[in-house]
2 protein chains.
Amino acid sequence: MRLAELSERSGVSTATIKYYLRERLLQQGERITATQSEYGEEHLRRLRLVRALIQVGRMPVATAREVLEAAEDESLSEHMRMGAAIFGLPHGPEPAEETPETVRARQHVDALLDRLDWSYGREIGDASPAYRTLIESVASLARLGYPHDTDHLLPYARLASQLAVEELDVIEKYSTLSERIEAAVALTVLYEPVLLSLRRLAQTEESGRRIKE
Amino acid sequence: MRLAELSERSGVSTATIKYYLRERLLQQGERITATQSEYGEEHLRRLRLVRALIQVGRMPVATAREVLEAAEDESLSEHMRMGAAIFGLPHGPEPAEETPETVRARQHVDALLDRLDWSYGREIGDASPAYRTLIESVASLARLGYPHDTDHLLPYARLASQLAVEELDVIEKYSTLSERIEAAVALTVLYEPVLLSLRRLAQTEESGRRIKE
DNA sequence: ACTATTGGATAGTGCCACTCTCCCATGGAA
DNA sequence: TTCCATGGGAGAGTGGCACTATCCAATAGT
């Protein structure tokens, strides 16, 4: 498969593919001659994954590169590679500075993690983008005066926990390590809009039902 | 409260506040003299909400304006205002064109809505941004070869349903209509990063547990 | 032989959320 | 009453970022 065909089958323009190659989001094709390269099915897969991360996951190009590099770094253990890949994925606001609200938000979140006995979350703490985003989001809720204490967060955490078990089950079905890591990245990112969309549809549904009665 | 104080208490620069005023994201203050206006606590609240929509919810300025306008449009019924506000909130990719994957994705999603008996979702269909985003996300999963059928989506939908019930309960606690609508917008947007962060923390936790064993 | 394509590099584009700069009217302190 | 700071208003500028367009020289395909 040459560049033109890769472009056609993926729906991504050749100019953009060249850009991704330059940015090292995509591996070089196998050099066939001095001026041409051959691309295979795995290039197509990778390209689609990159597109999913950037378009569906709204991830900056630089971040996508980091995530993919971590996922491929053979010098790391499986746990580290998986962790680094999922870990690096950001998705929300970072706390700007220490405000009274962020301090209290941190207390609520830490209490939540303790209550759930999520030891990894407690250990990693501020090093995790997800943890920092959580703090900032809870602080935003606090600033607007909406409920944000441990009791209100608990149901969300329990649901998240259930989802994680199912998702890890899906991931474990893949036999090779690189497939598992790619699956972890793809599923983490791609199921996010699924979850959020369903939540909004459910809200519409529930709201409609209540008004009807 | 003058502009400078509003800026200080909100942590938003005066230049940005002026920009929001120009873009009609923020109501004008009450004119005190020909050259000065007085701002109150509700301006501060509104400003924080705007910031939350834009920064936490990553919403484009134009969209935030539409959402807030719909929420305030007194010519509409409560259901319509609430609907228009939540409805307008986008968060994911829109389907670009009709591909084989989007067609099949639509079938899976429609079957899911039928199974759940979500009649509103079925009726509104393509008119809802959440529905369109769901289609496109499922299509992306399909293109990458990951599970995306009705059975895999069902647990997400059930959890979303549970959350919607709790969230509507919180919203109903507010006594005035404008408070309820503002709460609906704020909670929909602000609990998104909370949910996503908790999901990632839960994945890390579950992954860590499995590897340990 | 000759047209089209490729890889490679560089510069440009379009969008968007601000941010800067001016201007002049006014307000408040000295 | 003077004079500096602040406010509202408007237009232009900025910076980041994901592309996208243009060139160029070396083939590849016919």
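## Confidence

Chain A averages a pLDDT of 89. In that chain, 98% of the residues score at least 70. Where pLDDT is low, the predicted coordinates should not be read in detail.

## The DNA strands

DNA strand C has 20 residues around it. Leu3(A), Ala4(A), Ser37(A), Thr33(B) and Pro60(B) come nearest. Three helices each supply at least two residues of the surface near DNA strand C: helix 1 (3–10) and helix 2 (14–22) of chain A, and helix 2 (14–22) of chain B. Helix 2 of chain B gives the most, with 3 residues. By class, the surface near DNA strand C has 10 polar, 8 nonpolar and 2 charged residues.

DNA strand D has 21 residues around it. Here Leu3(B), Ala4(B), Ser37(B), Thr33(A) and Pro60(A) come nearest. Helix 1 (3–10) and helix 2 of chain B each supply at least two residues of the surface near DNA strand D, and so does helix 2 of chain A. This surface has 10 polar, 9 nonpolar and 2 charged residues.

## Where the chains meet

In the contact between the chains, 67 residues of chain B touch 67 residues of chain A. On the chain B side, these helices each supply at least two residues: helix 3 (41–56), helix 5 (78–88), helix 7 (119–124), helix 8 (129–143), helix 9 and helix 10 (177–212). Helix 10 of chain B gives the most to this side, with 24 residues. The side of chain B that touches chain A divides into 39 nonpolar, 17 polar and 11 charged residues.

## Helix 10 of chain A on helix 9 of chain B

Helix 10 (residues 177–212) of chain A packs against helix 9 (residues 150–172) of chain B at an angle of about 50°, with the axes 8 Å apart. That angle makes helix 10 of chain A oblique to helix 9 of chain B. The crossing is right-handed.

Residues of helix 10 of chain A in this contact include Val194(A), Leu195(A), Leu198(A), Arg199(A) and Arg210(A). Helix 9 of chain B meets them with residues including Leu153(B), Tyr156(B), Ala160(B), Glu167(B) and Leu168(B). By class, the contact has 12 nonpolar, 3 polar and 5 charged residues.

## Helix 8 of chain A on helix 10 of chain B

Helix 8 (residues 129–143) of chain A and helix 10 of chain B pack at about 155°, with their axes 9 Å apart. The two helices are therefore roughly antiparallel to each other. Their crossing is left-handed.

Tyr131(A), Leu134(A), Val138(A) and Leu141(A) are among the residues that helix 8 of chain A brings. Helix 10 of chain B brings residues including Leu190(B), Pro193(B), Val194(B) and Arg200(B). This contact has 10 nonpolar, 4 polar and 1 charged residues.

## A packing inside chain B

Helix 6 (residues 100–116) and helix 8 of chain B cross at roughly 115°, and their axes come within 8 Å. The crossing is right-handed. Helix 6 of chain B contributes Glu101(B), Arg104(B), Arg106(B) and His108(B), among others. From helix 8 of chain B come residues including Leu134(B), Glu136(B), Val138(B) and Arg143(B). The contact divides into 7 nonpolar, 2 polar and 5 charged residues.

Terms used: Residues are numbered from 1 along each chain as its sequence is written. Chains are lettered from A and ligands numbered from 1 in the order in which they are written. This is a predicted model: local features need pLDDT of at least 70, side-chain atom pairs count only at pLDDT 80 or more; totals for chains, interfaces and linings use all residues. A residue is near a molecule or strand if its C-beta atom, placed from the backbone, lies within 6 Å of it. Helices (H or I, at least four residues) and strands (E, at least two) are DSSP runs, numbered from the N terminus. Ala, Val, Leu, Ile, Met, Phe, Trp, Tyr, Cys and Pro count as nonpolar, Asp, Glu, Lys and Arg as charged, and the others, Gly among them, as polar. pLDDT is the predictor's confidence in each residue, from 0 to 100. Axes are lines fitted to C-alpha atoms, for helices over the stretch in contact, and angles run from 0 to 180 degrees between N-to-C directions. Angles under 35 degrees count as roughly parallel, over 145 as roughly antiparallel, 65 to 115 as roughly perpendicular and the rest as oblique. A crossing is left-handed if the near helix is turned anticlockwise from the far one by less than a right angle, and right-handed if clockwise. Two residues are in contact if their C-beta atoms, placed from the backbone, lie within 7 Å.
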